[in-house]
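Colleague: Let's walk through this model together. Please tell me what stands behind each term as we go.

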Amino acid sequence: MMNDYLNKYKEELDKLNEAGNLRSLKKISPNDIKVNLSSNDYLGVSKKNIPRPKGNSFGSGSSRLLTGNFKEYDLLENELENLYGRASLFFNSGYHANIGILSALASKGDLVLCDKLNHASIIDGIRLSSADYIRFKHKDCNSLKQILTEKRDKYDRVFIVSESIFSMDGDEPNINELIEIKKKFNCFLYIDEAHALGVRGEKGLGLAEEKNCIQEVDLLIGTFGKAMNSIGAFIICDSIIKDYLINKMRSLIFTTALPPIVISWNYIMLRTIVKMKMEREHLITLSNKLRKKLIELDIKTNGNSNIISILIGDSQKCVNLAEYLHQKGYLTFPIRPPAVPKGSARLRLSVCAQMDWEDVKDLPLLIKNYCNEN
Ligand SMILES: Cc1ncc(COP(=O)(O)O)c(C=O)c1O
């Protein structure tokens, strides 16, 4: 009987394999890699010699709601509040944040409107809530307005949810138009700044800082797992929402808090990235130069940030291309369903600030030649 169950799992794995969508844990040997184009360490802070915090515990012993709420949390949240000008609350990861916030705030009688390409953690959070949800066409404000015109009156609270820089393609929504829509239809605006934090805005606070609209984003999420090169995440919101989440958010309440050493490190990272304006400028210049070169060779790219996605289509072809680039010393990963829609596998190049043109200049031709020959 048990073998029957196992065989069914095996059949599913075989099907994924046939479609080129099987995942495995890859062993990465730093010696094989000339250039790592798969890292989210966008500012290259892991290579910087930043003094480590001393004397902090590596364990926290319990949830933040019990004895895990060390003084280090206050320091970090105060710093976030100074920078963003509103209340903040810190969580264990972006995944914890996204699965917990909407499932706490949105309930029966509410509606969540979610961009089609939002990250899996956002989708999981919506599914955990008892609200209705509709996915609107990627970045399409007209599609969003149409849904709101038809549905707004039928619901109590409505949440519009989008990433600010989309994780897979590096493209961005029109955040100012989203703000106009949320005001017109009286909705909450939820923006996940995971891939903009550190990279966009004068102080690296994200796209909302760059567009000068932090105060208009009701629920602004950032994670320390990307450019901050650490772990943890936060929300910037009204203090009533903060108090509500402390009382209702299950992925905050029912999990062991991050240890004080990580929170101290996050405080240091936050203060460090705010000052890394030069790295941000270099990152944008280098990414634009690489994107321009790819486009000149007729390679179709998406986005306008330091994440450059190249649409390949077939999953197996994308896996083979990533493997070929790996052999040449470039670490990239194929992005395949279910992370992206079926038949739209893509290569995601993540340009980081410690790279220079010499590191990436050969890539466009390598990709072009491989695609022509295969
Ligand atoms: C848009 C977005 N939000 C949230 C997360 C999850 O963040 P974390 O890695 O901190 O759990 C990711 C991670 O890939 C992401 O891309």
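Colleague: Where does Pro-338 lie?

Modeller: Pro-338 lies in the loop between β12 and β13. Strands here are DSSP runs of E with at least two residues, helices are runs of H or I with at least four, and both are numbered from the N terminus. This is a predicted model, in which local features need pLDDT of at least 70 and side-chain atom pairs count only at pLDDT 80 or more, while totals for chains, interfaces and linings use all residues. Residues are numbered from 1 along each chain, as its sequence is written.

Colleague: What kind of peptide bond joins Pro-337 and Pro-338?

Modeller: A cis one, with omega at about 10 degrees.

Colleague: Now the ligand. How many residues surround the ligand?

Modeller: There are 13. The test is a C-beta atom, placed from the backbone, within 6 Å of the molecule. The closest are Ser-93, Gly-94, Ser-167, Ala-194 and Gly-225.

Colleague: Which helix gives the most to that shell?

Modeller: Helix α3, residues 94–105, with three residues. By class, the shell has three nonpolar, eight polar and two charged residues. Nonpolar means Ala, Val, Leu, Ile, Met, Phe, Trp, Tyr, Cys or Pro; charged means Asp, Glu, Lys or Arg; the others, Gly among them, are polar.

Colleague: Why is α3 called roughly parallel to α4?

Modeller: Take the angle. The axes of α3 and α4 (residues 120–128) cross at roughly 30 degrees and come within 7 Å. That angle makes α3 roughly parallel to α4. The cut-offs are under 35 degrees for roughly parallel, over 145 for roughly antiparallel and 65 to 115 for roughly perpendicular, with the rest oblique. Axes are lines fitted to C-alpha atoms, for helices over the stretch in contact, and angles run from 0 to 180 degrees between N-to-C directions.

Colleague: Is the crossing of α3 and α4 left-handed or right-handed?

Modeller: α3 passes α4 in a right-handed crossing. Right-handed means the near helix is turned clockwise from the far one by less than a right angle; left-handed means anticlockwise. The contact of α3 with α4 has seven nonpolar, six polar and one charged residues.

Colleague: What makes α2 and α10 roughly parallel to each other?

Modeller: Helices α2 (residues 71–84) and α10 (residues 260–274) pack at about 25 degrees, with axes 9 Å apart. By the angle cut-off, they are therefore roughly parallel. Their crossing is left-handed. By class, that contact divides into seven nonpolar, two polar and three charged residues.

Colleague: How do you know that α5 and α6 are roughly parallel?

Modeller: α5 (residues 141–151) and α6 (residues 175–184) pack at about 10 degrees, and their axes are 11 Å apart. So they are roughly parallel to each other. The contact uses Cys-141, Leu-144, Lys-145 and Leu-148 of α5, and Glu-177, Leu-178 and Ile-181 of α6. Contact means C-beta atoms, placed from the backbone, within 7 Å. Five of these residues are nonpolar, none polar and two charged.

Colleague: Which strands does α5 lie across?

Modeller: β3 (111–115), β4 and β5, running at about 150 degrees to β4.

Colleague: What is the strand order in the sheet of seven strands?

Modeller: β2-β8-β7-β6-β5-β3-β4, an open sheet with mixed pairing. Two strands pair if DSSP finds at least two bridges between them.

Colleague: Why is one side of β2 and of β4 left without a neighbour in the sheet?

Modeller: β2 (87–91) and β4 (132–136) stand at the edges, each with a single partner strand, so one side of each has no neighbour in the sheet. The twist averages 20 degrees from one strand to the next.

Colleague: How many bridges join β5 to β6?

Modeller: Five bridges join β5 (residues 158–163) to β6 (residues 188–192), and the two run parallel. Tyr-190 in β6 is the bridge partner of Val-161.

Colleague: And the sheet of four strands: is its pairing parallel or antiparallel?

Modeller: Antiparallel, in the order β9-β10-β13-β12, and the sheet is open. Its edge strands, β9 (301–302) and β12 (333–335), each pair on one side only. Three bridges join β12 to β13 (residues 345–350). Pro-334 stands opposite Leu-347 in β13. Helix α11 (residues 277–296) packs on this sheet, touching β9 and β10 (307–313), at about 25 degrees to the direction of β10.

Notes:
Contact = placed C-beta atoms within 7 Å.
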